[in-house]
Amino acid sequence: MGKVYKYGENVDTDVIIPARYLNIADGRELASHAMEDIDADFSKTVKKGDIIVTGKNFGSGSSREHAPLVLKLSGVKAVIAPTFARIFYRNAFNIGFPILECEEAAERIQGGDEVKVDFRTGKITNVTKGESYMAEPFPDFMHELVSKGGLVNYVKQK
Amino acid sequence: MNTKDRKKIAVGDSELAACPMTMTQKILTAHAGLPSVRPGQFIEARLDMVLANDITGPVAIREFEKMGRKKVFDREKIALVPDHFTPNKDIKSAQQAKELREFAKAQKIVNYFEVGEMGIEHALLPEQGVVTAGDVVIGADSHTCTYGALGAFSTGIGSTDMAAGMATGKAWFKVPSAFKFVLSGKPGDWVSGKDIILHIIGKTGVDGALYRSMEFCGPGVEHLSMDDRFAMANMAVEAGAKNGIFPVDKSTMAYIRRHKSKVLNKEPQIFAADEDAEYEKVYEVDLSKIKPTVAFPHLPENTRAASAARNIRIDQAVIGSCTNGRLEDMAVAAKILKGRKVAEGVRCIVIPATRQVYLDCIRLGYAEVFVRAGAVFSTPTCGPCLGGHMGVLAAGERAVSTTNRNFVGRMGDVGSEVYLSSPAVAAASAVKGRITDPSKL
C-alpha cells in the first residue's frame, strides 16, 4: 500500500527531472531533484511504495530515460494516469518501472489516499475511499518484457 | 537493398491490395520482413540508424554494457553526436561527452561528429546523408521524428532502447494508426513550416496525436521547402505523435542527391501510402490561411496569431535549434536584421544548427549582419533550448524562441516564460523588443 501524490495533466519530463540536472550521472543525486519544479517537497517526503496519480499525457516531452528512472529510484511503486506520452511509456517498461492506464482511477483518487495496486490483474484499490478500479490490460508483449525484468534482460536472453 | 529484402517487399506489395496501409505502416512492414502489418500489432523491425547524444548516450552505453555485448551490431549504422551540453558547459558535462567520445573510438563508430565538425543532431544527420528516405531510425532524443521530412520512419526512444538497438540492430514497435493532414494552398509571406506546425498543434493539442503517425500530404506539400518540412516533422512529437512523415517528391530527391554521404553507401527507398489507407482522423489544412503563429507559455498548443500578441515585452530572442537552425531560418532572420538593431535590453542569440550552416552564414554575409545588429552568433549547440547554457533565463524573464518546447522551466528558472515562434517572428520581435508579426515591422 502506498500514499498518493496527485498532479495535473501533461506533467512533462522537464518537470519530472529538469534538464539542468542531466549532467549528473549518479542516480541517487539525480533522484533528489525529482519533481522539484512542481513539488519542492517531493524528494524529501516520498517513501518507498508511494504512488503517483496524474491527469492525461504524463511524461510528455523529452526522451530522457532519467524521468522514469528518478521516480523508480525515489521508491515510487507506480504511476497511474489516463494516458502516458509514448516515449515515457516505452521507457517505463524497458526499465521495469510499472505504469497503469486508468481514467477512472486518475479521476477518483485524491492526493494522500492510500492505494494498492495489483499489476497482474490491473486492479487498483483505493483503501481510503473503499473503491476499486480496473486499469487497461497490458499487451502480451509488455507482460513478457516485464516478466523478463526489462529490455536489458530481454536482449540478454536472446 | 539486397535480394532477400527486395523479395520481402515484393511479397508485401502483392498483399497490399487486400490490406491497405499508411506510409509509416509500409516502411515498418518492409523492415519487419512481414507481408503486411496492422495498427496495434507488435513487431520487431530492422534499424538503419541508431542515434544518441551526449545526454542520452552515456546512459545507453552503460545499458549496452549490461547487455553483455562486446561490439555494436554495425559501426556504420550508429550515430553519436555531442550537441546538447557542448562545447562542454561544465565538468560533469565534459565527463559525459568524454564517455561518448571514448565509446565511439573503442567501437570505431563511423558517424561520430566531434565539436568543430558537429551540428545539432537532427539538422546534421540529414545534411550529412546519414539518414535517407525509407529508413527506419531510432534516436535517444524525442525530436528524432525530424527525418520524417525525408520520407523515413524515425522516432524518439529512450536510452535502453538505444542500447538494445546498438546491440541487436533491431527495435520493438507497436504499429501506429495514423492521422492524415491534407495540406492545400500556398503559405503567405512570412509563414514558414514552423507557423504551420504550431497552427496544427494548436488544433490537435499536445496529446491529440498520441501514439499515432501524423502523415502530411496534399497539393500544399509542393510549396514547402525541405527546411519547412524538417521543422514540421520535428514537432510531431509535440502533438504526442510517434512520427510525422512526408511523401517523397522532387524536392526530397533533390535534397537527398545534394546531401549524399561520401562515407556511407546509402540508397533512398520510396514508400507511399495506399490511396485507400485507413486514417483515424483527417485534417484539412489550408496553408494560405495560416498567419505567423506563436505558442504562448507553457504548452506548444497555446497558439495565437503573432499579431494578436499585445505588447508582450521580451528579454531574449533565440534563433536556432533542431527545429529552426537551418539555412532558410538564418536567411529570413538575416533579411529582417539587416540594417536594423536588436532592441535595447534584448539579448538576441543566433545559433546555426550545423558547421555547414555556419559556413554558409559566413559566405552569404549573414554572420556579419547578425553581429552588426547586436546579436550573438554561436557555434552549433542545443544549449539554450533546454536551459543548458548559451542563454539560460532568470526568474521573471521572457524569451521568444524558435525552439520546440515552452514548458515550465524549460529554458531556465521556473519563473521564466518561453514563447515559441518562427525565425521571422523571433527576429522581428528582437528588433521591436516585444512579440511582433514580421509584416508589421
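Biologist: What conventions apply to residues, chains and side-chain values here?

Modeller: Residues are numbered from 1 along each chain as its sequence is written, chains are lettered from A and ligands numbered from 1 in the order in which they are written, and side-chain values use heavy atoms, with hydrogens and water left out. Because the model is predicted, local features need pLDDT of at least 70 and side-chain atom pairs count only at pLDDT 80 or more, while totals for chains, interfaces and linings use all residues.

Biologist: How much area do chain B and chain A bury between them?

Modeller: The size of an interface is often given as the accessible area lost when the parts come together; here buried area is that loss with a 1.4 Å probe, summed over both parts. The contact, meaning heavy atoms within 4.5 Å, takes 46 residues from chain B and 40 residues from chain A. Of the buried area, 57% is on carbon and sulfur atoms, and the total is about 3,600 Å².

Biologist: Which residue of chain B forms a salt bridge with Asp14(A)?

Modeller: A salt bridge is taken as a side-chain nitrogen of Lys or Arg within 4 Å of a carboxyl oxygen of Asp or Glu, and the count between chain B and chain A is four. For Asp14(A), the closest N and O atoms are 2.8 Å apart, and the partner is Arg410(B).

Biologist: How is the ring pair of Phe93(A) and Phe138(A) classed?

Modeller: Rings of Phe, Tyr and Trp (its six-membered ring) pair if their centres lie within 6.5 Å, with planes under 30 degrees apart counted as stacked, over 60 as edge-to-face and the rest as tilted; the structure holds 21 such aromatic pairs over all chains. The centres of Phe93(A) and Phe138(A) are 5.0 Å apart and their planes stand at 90°, so the pair is edge-to-face.

Biologist: And how is the pair of Phe141(A) and Trp172(B) classed?

Modeller: This pair crosses between chains, from helix α7 of chain A to strand β7 of chain B, where helices (H or I, at least four residues) and strands (E, at least two) are DSSP runs numbered from the N terminus. Because the ring centres of Phe141(A) and Trp172(B) are 5.0 Å apart and the planes lie at 50°, the pair is tilted.

Biologist: Is Cys145(B) buried or exposed?

Modeller: Cys145(B) sits in the loop between β5 (136–139) and β6 (153–156) of chain B, and it touches, among others, Ser154(B), Ala233(B) and Gly244(B). Buried means under 20% relative accessible area, exposed over 50% and partly exposed in between, with a 1.4 Å probe and protein chains only. Since the relative accessible area of Cys145(B) is 1%, the residue is buried.

How values were computed:
Buried area = accessible area lost by both parts, 1.4 Å probe. Lists of a residue's contacts leave out its neighbours within four places in sequence.
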